[in-house]
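Please read it with the model in view.

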Amino acid sequence: MSASLEHQTDNIYLLHVTGMLRKSELDAVQADFIENLAEAGAIKLLVLLENFSGWERNAAWDENGFFFRHGDDLEKIAIVGDPRWETEMLAFAGAGVRKGPVRFHPSSAESRARAWLAE
């Protein structure tokens, strides 16, 4: 599986993405996210990209109902990965459009990303 959601502490959740991100796996993670909303309230999300190689081609990525229904339930998003993915990941996460801030951190700065989420 290339995407999985894990509860870390309090209202911080980890989205771990490896290799090629498939739409079906993201849909499953989003369903898990919705289930956790009742307990956690506003969620802070840490996205770890490991050997990330992009998105599945020919998938229906333009469906953005999740973003409109639950985008404000994400208080903050910190993305950690290879800097070559920064621009695309910030756009994919809705940086500058969503209510909560989104920041990208290079792979070597995971601890800095975690500290920012904990603020």
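The points below go from the overall fold to the aromatic side chains.

1. The model is a predicted one. Its secondary structure amounts to four helices and five strands. Along the sequence these elements follow the pattern β-β-α-β-α-β-α-β-α.

2. Of the 119 residues in the protein, 44% are buried. Among contacts with a separation of 6 or more, 74% join residues 24 or more positions apart.

3. The protein has four aromatic pairs. One of them joins F52 and W55 edge-to-face, with 5.3 Å centre to centre and 85 degrees between the planes. Both F52 and W55 are buried.

4. A further pair, W55 with F92, is tilted, at 5.2 Å centre to centre and 45 degrees between the planes. Because W55 belongs to strand β3 (residues 43-55) and F92 to helix α3 (residues 86-92), this pair ties together parts that are 37 residues apart in sequence.

5. Is W55 buried or exposed? Its relative accessibility is 18%, so W55 counts as buried, the cut-off being under 20%. F92, at 37% relative accessibility, counts as partly exposed.

6. One aromatic cluster is formed by F52, W55, W85 and F92.

7. A lysine and a tryptophan also deserve mention: the charged end of K76 sits over the ring of W116, at 4.6 Å from the ring centre.

How values were computed: Residues are numbered from 1 along each chain as its sequence is written. This is a predicted model: local features need pLDDT of at least 70, side-chain atom pairs count only at pLDDT 80 or more; totals for chains, interfaces and linings use all residues. Side-chain values use heavy atoms; hydrogens and water are left out. Rings of Phe, Tyr and Trp (its six-membered ring) pair if their centres lie within 6.5 Å; planes under 30 degrees apart count as stacked, over 60 as edge-to-face and the rest as tilted. Buried means under 20% relative accessible area, exposed over 50%, partly exposed in between (1.4 Å probe, protein chains only). Helices (H or I, at least four residues) and strands (E, at least two) are DSSP runs, numbered from the N terminus. A charge sits over a ring if NZ of Lys or CZ of Arg is within 6 Å of the ring centre and within 35 degrees of the ring normal. Contact means heavy atoms within 4.5 Å.
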